[in-house]
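Biologist: Please take a close look at one part of this model, the surroundings of a single aromatic side chain. I would like one connected account.

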Amino acid sequence: AEGQTVSGSEAVLEEGGIITGRVTDGNGNGLQYVWGRLVDAATNNYLGWVGNNVRTNSQGNYTLYAQAGQWKVMYQTAEVVGGYESEYYQDKATVEDAAVITLDPEQTITGIDAVLTTGGGKISGYVKDTGNTGLSNVTLNVYDHRYKILVGSAATGADGYFEIPGLIPGYYKVYTSYNDVYPSEWYSDK
């Protein structure tokens with residue numbers, strides 16, 4: 001009831017750990033804005049935004065804070081210029097093949113690094129009006145179908161063309177947003 005004191009409501013929090021690493025290109029240059037994301041190794045599920053992801057700094061370094069347990073690290077390049085391919089730790093293309101990292105309470109694991117290469121899949125095409133004229137400055141956001149997280153974005157050029165490179169094998173959903181004349185929508189009106 002309101003104003004009543006409740007006793008015996010105690011919580012015990014386990015100590016977590018830290019995973020650190022560096023993300024670089026093939027020449028050893030740090031890549032900024034790569035998302036490092038933790039995936040639960042038991043379920044292969046990404047557990048959401050809170051505490052389970054971080055972007056690399058200007059030198060390519062990242063620090064992830066996590067509960068003790070088994071994890072996989074995903075590197076996503078949604079905001080990196082240059083067409084770098086997203087991947088999982090130890091150069092794996094799929095979550096099923098990704099290396100498992102076991103993190104103990106109060107442990108710091110260093111050297112969980114990645115060297116990203118250009119390539120991978122891409123989504124490209126044109127955005128046009130009903131008269132078949134290309135629309136410029138339409139924003140397209142690509143979301144991973146499995147995890148529902150942003151993995152890439154682009155804006156159309158003057159002719160309506162767009163290209164979103166660096167995608168790992170998988171299924172994606174594309175969302176377009178433009179202005180009040182052309183409402184925002186998912187690809188294929190889904």
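Modeller: Trp 186 is partly exposed, with a relative accessible area of 28%. The model is a predicted one, and the values below are computed from it. Trp 186 belongs to strand E16, residues 185-186. Its ring is paired with that of Tyr 143: the two centres are 5.6 Å apart and the planes meet at 65°. Because planes over 60 degrees apart count as edge-to-face, this pair falls in that class.

Tyr 143 is placed in strand E12, which covers residues 139-144. Tyr 143 and Trp 186 are 43 residues apart in sequence, so their pair ties together separate parts of the chain. Tyr 143 has a relative accessibility of 24% and therefore counts as partly exposed, as the figure lies between the 20% and 50% limits.

A lysine contact of another kind involves Asn 44, whose side chain makes a polar contact of 2.7 Å with the side chain of Lys 72. Asn 44 is located in the loop between strand E2 (35-40) and strand E3 (45-46). With a relative accessibility of 13%, Asn 44 counts as buried.

Terms used. Residues are numbered from 1 along each chain as its sequence is written. This is a predicted model: local features need pLDDT of at least 70, side-chain atom pairs count only at pLDDT 80 or more; totals for chains, interfaces and linings use all residues. Side-chain values use heavy atoms; hydrogens and water are left out. Rings of Phe, Tyr and Trp (its six-membered ring) pair if their centres lie within 6.5 Å; planes under 30 degrees apart count as stacked, over 60 as edge-to-face and the rest as tilted. Helices (H or I, at least four residues) and strands (E, at least two) are DSSP runs, numbered from the N terminus. Buried means under 20% relative accessible area, exposed over 50%, partly exposed in between (1.4 Å probe, protein chains only). A polar contact is a pair of N or O atoms within 3.5 Å; within protein, one must be able to donate a hydrogen and the other to accept it, and residues adjacent in sequence count only if both atoms are side-chain atoms.
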